[in-house]
Amino acid sequence: MFKHVALALTLAVAPFTSFAAQFVEGQHYVQVSNQVAPSEPKVSEYFSFYCHNCYNMETQYLPFIKSHINKDVAFENKHVDFMNSDIGTEVMRSLAVMNESDKKHELTLAMFAAIQGSDDGHHDHGSHGHKHESKINSRDDIKKVFAEYGIDGAAYDKAADSEATNATISKWRQEQVMFRIQSVPSFLVNDKYLVNMSEMRSLEQMVELINYLALEKK
């Protein structure tokens, strides 16, 4: 059902070392489009709430990445459609709604937990034998998660069924094909360069690659 990348990242935190001179196109990153770099540099994470490695990324690694990428590089995340199912679409809609909420972080963790089980900060959701029955089987289940953070069912339905949300879902699906997103989590810089996660050996290397591609690579 899902195409997951086994994170080759040891992702240990160590003093920053300059990797820029060592970055090789085709090895550390690939160009997946010819788009002109945006006026505001950005990095987009493509992920799935059903992906164990994405849960680990969210809880263990993204806090460091977000706090260490250049302040001029915007961070955004988008949900892939590998399931191609009604519930898969509903889960995509949930991210579009929470992206507009001031409680996005809390909602993100809550959705991961509802689908994969709670996280104590140490559990590896990709570990052998990890099993959890998803509590998300319908929109009503999703609305229960949002209700815990002050968003009632009517407000959720209005946002989830809006033209803006429909456009967002359509855009994510188009980009998944256009940018060749075949595994999650994936990181796309400036809608042009896709990070090769299997070549990343540390958080510092990944951060420096994102900054390099966002701010220096044309």
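Two aromatic rings of Phe, Tyr or Trp count as a pair if their centres lie within 6.5 Å. In this predicted model, ring pairs join F47, F49, Y55 and F112 into a cluster. The whole structure holds seven aromatic pairs.

Two of these pairs are set out below.

| Pair | Centre distance | Plane angle | Geometry |
|---|---|---|---|
| Y29 and Y193 | 5.7 Å | 90 degrees | edge-to-face |
| F49 and F112 | 4.9 Å | 75 degrees | edge-to-face |

The Y29–Y193 pair links distant parts of the chain, 164 residues apart. Y29 sits in strand β1 (residues 29-31) and Y193 in strand β5 (residues 193-195). Y29 is buried at 2% relative accessible area. Y193 is buried too, at 1%.

The F49–F112 pair spans 63 residues. F49 lies in the loop between β2 and α1, F112 in helix α3. F49 has a relative accessible area of 0%, so it counts as buried. F112 is also buried, at 0%.

F49 returns in the largest nonpolar core, which has 37 residues. F49, V91, M111, I136 and F146 have the most contacts inside this core. Elements that each supply at least two of its residues include β2 (42-47), α1 (52-68) and α3 (104-116). The largest share, seven residues, comes from α2. Beyond its neighbours within four places in sequence, F49 is in contact with residues including H79, V91, M111 and F112. Apart from this core lies another, of 24 residues, among them V73, V189, L203 and I210.

What of the cysteines? C51 is buried at 0% relative accessible area, and C54 is buried at 0% as well. The disulfide count is zero.

Key:
Residues numbered from 1 in each chain as written. Predicted model: local features only at pLDDT ≥ 70, side-chain atom pairs only at ≥ 80, totals over all residues. Heavy atoms only, no water. Disulfide = S-S within 2.5 Å. Buried < 20%, exposed > 50% of the residue type's maximum accessible area, 1.4 Å probe, protein only. Core = buried A, V, L, I, M, F, W, Y, C linked by side-chain atoms within 4.5 Å. Helix = DSSP H or I, 4+ residues; strand = E, 2+ residues; numbered from the N terminus. Contact = heavy atoms within 4.5 Å. Phe/Tyr/Trp six-rings, centres within 6.5 Å; stacked < 30°, edge-to-face > 60°.
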